[in-house]
Amino acid sequence: MNLNLKNKNALVCGSTQGIGKATAILLAEEGANVTLIARNETKLKEVLSVLPSNNQHHNYLVADFSKPNQLKDVLESTSLNFHVLINNTGGPAGGPIFNAKIEEFENAFTQHLKCNHILVQSLVPFMKEECFGRIVNVISTSVKQPLDGLGVSNTIRGAVASWSKTMANELGQFGITVNNVLPGATNTERLNEIIKNKANKSGLTVDEVATNMKNSSPAKRFAKPEEIAAAIVFLTSENASFINGINVPVDGGRTKSL
């Protein structure tokens, strides 16, 4: 299937590792010009050096999503001619919601919703001019089924999903789609941290926790970042032009709801 991403410009958030990095690489393989954005310039340069290129122009931007005003400044200083936006940010620390501090909710809301909104407001004018735009938010299956021990994340991810659906309803008339990809347990650094934390609190070994998590999915394994990236990149293509405002679980069947 030809995804027709040649000459499309994509901005990929959180693209120095995990799902973001895999998505950036796959977009480049499909012909897109990719701009990476994250806070660690050293890692950005490393990823930039491995992006496939066939006369494409790849670039990176440095921004810390805990500082939305800094993100605004970075966006104002660069061209905003992007057809594709991948909103992807590392999740909040785990723990029971009752024990969460107010600051944890505020910080997560800033990084996940405020910064998403800043990016969309900055990039959508060009998408409207082109009559083509693809916004994909990488969230979590917790928007369908809250996950134990991830209270702050469950709360904020749900807010992002509602924001996204509302945005999809408003922007669809301009040829712009807004969709959410909901990864299940994916083999990333973030997952390793969650497993270690669960092991410390439960008294189980890391291997036992990992096995239990794998067994919660009919697939009996963790996803590869590239498998999540494949769903994301399809949603950015012309072939997905009539898919708008939906949540797509990519979790091996773990989510119990329809």
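Predicted model: local features only at pLDDT ≥ 70, side-chain atom pairs only at ≥ 80, totals over all residues.
A cavity, in the sense used here, is a set of grid points where a 1.4 Å probe fits but cannot get out.

A search of the whole structure finds 1 cavity of 30 Å³ or more, and the largest cavity holds about 70 Å³ of space. Which residues line the largest cavity? They are Asn87, Asn88, Thr89, His112, Asn116, Asn137, Val138, Ile139, Arg157 and Val160. At least two residues of this lining come from each of α4 (102–130), β5 (133–138) and α5 (151–171). By class, the lining of the largest cavity comprises 6 polar, 3 nonpolar and 1 charged residues.

Two of those elements, α4 and α5, also pack against each other. Their axes come within 9 Å and cross at roughly 20°. Angles under 35 degrees count as roughly parallel, so α4 is roughly parallel to α5. The crossing of α4 and α5 is right-handed. On the α4 side, the contact is made by Glu104, Phe105, Ala108, Phe109, His112, Leu113, Asn116, His117, Val120, Val124 and Lys128. On the α5 side, the contributors are Val152, Thr155, Ile156, Arg157, Ala159, Val160, Trp163, Met167 and Leu171. The contact of α4 with α5 divides into 13 nonpolar, 4 polar and 3 charged residues.

I now come to the largest pocket. About 1,400 Å³ of space lies in it. The lining of the largest pocket has 50 residues, and those nearest its centre are Thr89, Gly90, Gly91, Arg157 and Arg190. Two or more residues of that lining are given by each of α1 (18–29), β2 (33–38), α5 and α6 (189–202). Which element gives the most to the lining of the largest pocket? It is α6, with 6 residues. By class, the lining of the largest pocket has 22 polar, 17 nonpolar and 11 charged residues.

Finally, α6 has a helical partner of its own. The axes of α6 and helix α7 (residues 206–215) come within 8 Å and cross at roughly 115°; the two helices are therefore roughly perpendicular to each other. The crossing of α6 and α7 is right-handed. Here Leu191, Ile195, Lys196, Lys198, Ala199 and Ser202 of α6 meet Val206, Val209, Ala210 and Met213 of α7. The contact of α6 with α7 comprises 7 nonpolar, 2 charged and 1 polar residues.

Methods: Residues numbered from 1 in each chain as written. Heavy atoms only, no water. 1 Å grid on protein atoms, 1.4 Å probe; cavity = no way out; pocket = protein on both sides within 12 Å on 5 of 7 lines; lining within 4 Å. Points joined across faces, edges and corners; volume = space filled by probe spheres on them. Helix = DSSP H or I, 4+ residues; strand = E, 2+ residues; numbered from the N terminus. Nonpolar A, V, L, I, M, F, W, Y, C, P; charged D, E, K, R; others polar. Axes fitted to C-alpha atoms, helices over the stretch in contact; angles between N-to-C directions. Parallel < 35°, antiparallel > 145°, perpendicular 65-115°, else oblique. Left-handed = near helix turned anticlockwise from the far one by under 90°. Contact = heavy atoms within 4.5 Å.
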